[in-house]
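Morning, everyone. I have one structure to show you today, and a few minutes to walk through it. Here it is on the screen.

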Amino acid sequence: MGRVEGKVAFITGAARGQGRSHAVKLASEGADIIALDICEDLPFAHSPHATPEDLQETVRLVEAAGGRIVARKADVRKRDEVDAVIAEGLEAFGKIDVVIANAAAIQYKNVFDLSVEDFEATLDVNLHGVFNTVQTPVRHMIERNEGGSIILISSGIAYKATPAPDYSAAKTALITFARALANELGPNRIRVNTIEPGYVLSPANDNPKYAERTARLLGREPFATPEEHREALWEQLKPRNMLPVGWVEPEAISNAILWLASDESRYVTSEELKVDAGFADK
Ligand SMILES: NC(=O)c1ccc[n+]([C@@H]2O[C@H](COP(=O)([O-])OP(=O)(O)OC[C@H]3O[C@@H](n4cnc5c(N)ncnc54)[C@H](O)[C@@H]3O)[C@@H](O)[C@H]2O)c1
């Protein structure tokens with residue numbers, strides 16, 4: 001019997017990285033998955049986003065883990081697209097027990113350089129996109145009257161000054177949004193929590209464009225290989241954490257997701273769960 005046997009989880013940004021890891025982890029513990037991802041690049045974002053092939057690979061991995069999955073290309077900024085995927089998922093599986101608002105996009109500009117459009121673009125994905133992700137499932141959960149678990153993916157940099165002030169602002173806002181939702185939905189036995197990952201090596205930062213940025217920040221020549229970039233990044237990041245590591249792997253976040261999605265955490269709501277090697281408090 002899996003730890004989330006028979007549950008249905010709706011996950012955004014599930015084509016790669018942490019979102020894919022969460023989908024596979026939950027499927028391996030008995031859940032069915034409703035997944036979406038934009039599967040295209042956003043002009044303002046620093047790194048390339050996932051591709052349709054990435055989403056197909058998530059489908060393959062979820063099915064190999066024993067789960068069923070409905071996976072579609074959709075943009076969390078567009079309510080009609082999100083709702084269409086939810087409707088298809090409900091048609092296939094009949095319910096949603098768990099929501100994981102994971103899709104996000106980041107750019108690295110300081111306040112001086114951010115245009116109004118840049119700022120709005122970040123909030124559109126990382127804040128409005130989360131509202132679009134949760135509202136319809138919340139209405140479904142209330143109507144169904146079987147409770148639920150909603151998990152918003154914030155970030156360790158919600159707590160710190162960073163070179164991505166717009167992104168930090170959105171991620172901090174998610175914490176108070178989750179608290180308000182948790183209060184509102186408690187009587188319906190719907191739990192709402194956030195996870196604050198520390199630095200996670202994922203395609204968002206393990207890519208050539210990000211490697212160029214790391215080399216520039218370190219004032220050194222471009223890296224010859226991805227391995228060289230990872231080694232330098234690990235050493236750069238390690239002093240920021242309490243534990244002697246540069247980053248945490250996606251599966252470490254998925255383990256926290258699994259617990260919050262399961263009934264093991266049935267009395268946990270309005271919690272900020274840091275999985276960050278001690279980043280936020282150092
Ligand atoms: N990587 C880190 O160091 C780190 C640290 C803290 C928090 N986080 C958060 O963890 C979550 C997962 O990030 P990741 O590291 O897996 O990055 P990632 O870039 O690999 O994954 C994000 C996914 O979201 C998708 N996406 C982007 N905009 C979208 C949109 N408008 N609609 C639908 N999908 C969209 C992308 O295509 C991508 O597949 C994000 O919420 C991120 O902010 C990441």
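First, the ground rules. This is a predicted model: local features need pLDDT of at least 70, side-chain atom pairs count only at pLDDT 80 or more, and totals for chains, interfaces and linings use all residues. Numbering starts from 1 along each chain, as its sequence is written.

Start with the fold. The protein chain has 8 helices and 7 strands. Those are DSSP runs, numbered from the N terminus: H or I with at least four residues for helices, E with at least two for strands. The radius of gyration is 18 Å, close to the 19 Å that the globule rule gives for 282 residues, so the protein chain is as compact as a globular protein of that length. For the record, that radius is taken over C-alpha atoms, and the rule is 2.2 Å times the number of residues to the power 0.38. The C-alpha trace spans about 55 × 40 × 35 Å along its principal axes.

How much of the chain is buried? Buried residues make up 46% of the 282 residues. The cut-offs: buried means 20 or more other C-beta atoms within 10 Å of the residue's own, exposed means 12 or fewer, partly exposed is in between, and C-beta atoms are placed from the backbone. Now contacts, meaning two C-beta atoms, placed from the backbone, within 7 Å. Take those between residues at least 6 apart in sequence: 72% join residues at least 24 apart.

Next, the domains. The protein chain is divided into domain 1 (8–200 + 249–275) and domain 2 (201–247). Those bounds come from an automatic or database domain assignment. Their C-alpha centres lie 25 Å apart. The contact takes 13 residues from domain 1 and 12 residues from domain 2. On the domain 1 side, that is 6 nonpolar, 5 polar and 2 charged residues. By class, nonpolar is Ala, Val, Leu, Ile, Met, Phe, Trp, Tyr, Cys and Pro; charged is Asp, Glu, Lys and Arg; the others, Gly among them, are polar.

Now the ligand. Where does it sit relative to the two domains? Both domain 1 and domain 2 give residues to the shell around it, so the ligand lies between them. The shell holds 31 residues, and the closest are Gly 13, Gly 17, His 49, Ala 104 and Ser 202. Near here means a C-beta atom, placed from the backbone, within 6 Å of the molecule. Two elements give two or more residues: α1 (17–28) and α4 (116–144). Of these, α1 gives the most, with 3 residues.

On to strand β6, residues 190–197. 8 of its 8 residues are buried. Ile 190, Val 192, Thr 194 and Glu 196 point one way, and Arg 191, Asn 193, Ile 195 and Pro 197 the other. Strand β5 (residues 148–153) runs parallel to β6, joined by 6 bridges. Strands pair if DSSP finds at least two bridges between them. One of the bridges links Ser 149 to Arg 191 in β6.

Gly 198 is in the loop between β6 and α6 (208–218). It is buried, with 25 other C-beta atoms within 10 Å. Val 275 is 77 residues away in sequence, but 6.1 Å away in space, C-alpha to C-alpha. Leaving aside neighbours within four places in sequence, the contacts of Gly 198 include Gly 156, Trp 247, Val 275 and Ala 277.

Ala 277 brings us to backbone angles. Most residues other than glycine have a negative phi. Ala 277 has phi near 55°, a positive value. Ala 277 is in the segment after β7 and counts as buried, with 23 C-beta neighbours inside 10 Å. Ser 270 also has a positive phi, near 60°. It is in the loop between α8 (250–261) and β7 (272–275). With 16 C-beta neighbours inside 10 Å, Ser 270 counts as partly exposed.

Last one: Ala 105, in the loop between β4 (98–101) and α4. Is Ala 105 buried or exposed? Buried, with 24 other C-beta atoms within 10 Å. Leaving aside neighbours within four places in sequence, Ala 105 is in contact with Leu 42, Ala 45, Thr 122, Val 125 and Asn 126.
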